[in-house]
Amino acid sequence: MYNYVIYVSICRYIGTSRSATYLYIILEYITGGSIASVLKEFGPCDEELIRKYTYHIVNGVQYLHKKGIIHRDIKGANVLVTENGVAKLADFGCSKRLAGMCTTSLEESLKVIKGSVPWMAPEVIKQSGYGRSSDIWSIGATLIEMGRFIGYIVLSIILYRLYVLLRITVYSRI
């Protein structure tokens, strides 16, 4: 998927290299680490930094969507920060072109579920497919992750609701 994207808010793809047992994907070197690692080291971001990172993330997602690509795994661990403070989307292992994303059966849906559950949109958990709105939901979850401004209680409530939704969806289909 990296072959299709060249944009300031997206980690740049350099190329690939193959050994006898591994395929190496070579990406732009970004010194600041991920937003998740920044949070682990320094704690929650202040509002100004959240606004700055969110702006970069939204611009990157907007670019992807214009190219017909959905990321499907936006979270702090997949957003890297440059030494200049630019947040860049990375890890396109779950990304997909939008064409053909609708599925008609549970088995098909299970094959396309990708990403990290705490950041997944309800339609993804209900296995009704992915779309641009799924990435927008994940941006919101990442915003909560960055700020923890409301605290772990709200995040716990959100995760619990997602868990309940998943349980209801799975058991209602059995």
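Please keep in mind that the structure is a predicted model.

How many aromatic pairs are there? The count comes to one. Tyr22 and Tyr24 form this pair, whose ring centres are 6.1 Å apart. The planes of the two rings make an angle of 50°, and the pair is described as tilted.

## The overall plan

Let us step back to the whole protein. It contains six helices and six strands. Following the sequence, the order of these elements is β-β-α-α-β-β-β-β-α-α-α-α.

Of the 174 residues in the protein, 40% are buried. Among the contacts with a separation of 6 or more, 63% are between residues 24 or more positions apart. The accessible surface comes to about 10,300 Å², and carbon and sulfur atoms account for 59% of that surface.

## Helix α2 and its cover

Helix α2 covers residues 47-66. Just after α2, Gly68 takes a positive phi of about 80°.

The buried residues of this helix include Ile50, Tyr53, Ile57, Val61 and Leu64. They are covered by elements including α1 (35-42), β3, β4 (79-81), β5 (87-89) and α5 (132-147). Asn59 also lies in α2, and this residue is buried because its relative accessible area is 16%. Beyond its neighbours within four places in sequence, Asn59 is in contact with Tyr7 and Ser9.

## The nonpolar cores

Which residues have the most contacts inside the largest nonpolar core? They are Ile35, Tyr53, Ile57, Leu89 and Met146, in a core of 19 residues. Two or more residues of this core come from each of α1, α2, β4, β5 and α5. Helix α2 gives the largest share, with six residues.

Setting aside neighbours within four places in sequence, Tyr53 touches Ile35, Cys45, Val81, Gly85, Ala87 and Met146. There is also a second, separate core of six residues, including Ile70, Met120, Ala121 and Ile125.

## Helix α5 and strand β3

Helix α5 has 16 residues, which should span 22 Å at 1.5 Å a residue; its end C-alpha atoms are 23 Å apart, so this helix agrees as well. Its buried residues include Ser134, Ile139, Ala141, Thr142 and Met146. The buried residues of α5 pack against α1, α2, β3 and α4 (122-125).

Strand β3 consists of residues 69-70, with Ile69 in it. Ile69 counts as buried because its relative accessibility is 0%. Along the chain, Ile69 and Arg97 are 28 residues apart, yet their C-alpha atoms are separated by 4.4 Å.

## Two salt bridges

Why might charged side chains pair up? Side chains of opposite charge can pair when their charged atoms come close. The count here comes to two salt bridges. One of them joins the side chains of Glu28 and Lys88, at 3.0 Å from N to O. This pair links distant parts of the chain, with Glu28 in the loop between β2 (23-27) and α1, and Lys88 in strand β5, 60 residues apart. Glu28 counts as buried because its relative accessibility is 18%, and Lys88 counts as buried because its value is 10%.

A salt bridge also forms between the side chains of Glu47 and Arg51, at 3.0 Å from N to O. Glu47 and Arg51 are four residues apart in helix α2, so about one helical turn separates them. Are these two residues buried or exposed? Both Glu47 and Arg51 are exposed, whereas Glu28 is buried and Lys88 is buried.

How values were computed
Residues are numbered from 1 along each chain as its sequence is written. This is a predicted model: local features need pLDDT of at least 70, side-chain atom pairs count only at pLDDT 80 or more; totals for chains, interfaces and linings use all residues. Side-chain values use heavy atoms; hydrogens and water are left out. Buried means under 20% relative accessible area, exposed over 50%, partly exposed in between (1.4 Å probe, protein chains only). Rings of Phe, Tyr and Trp (its six-membered ring) pair if their centres lie within 6.5 Å; planes under 30 degrees apart count as stacked, over 60 as edge-to-face and the rest as tilted. The expected span of a helix is 1.5 Å times one less than its number of residues. Contact means heavy atoms within 4.5 Å. A nonpolar core is a set of buried Ala, Val, Leu, Ile, Met, Phe, Trp, Tyr and Cys residues joined through side-chain atoms within 4.5 Å. Accessible areas come from the Shrake-Rupley method with a 1.4 Å probe; for residues, only the protein chains shown count as cover. A salt bridge is a side-chain nitrogen of Lys or Arg within 4 Å of a carboxyl oxygen of Asp or Glu.
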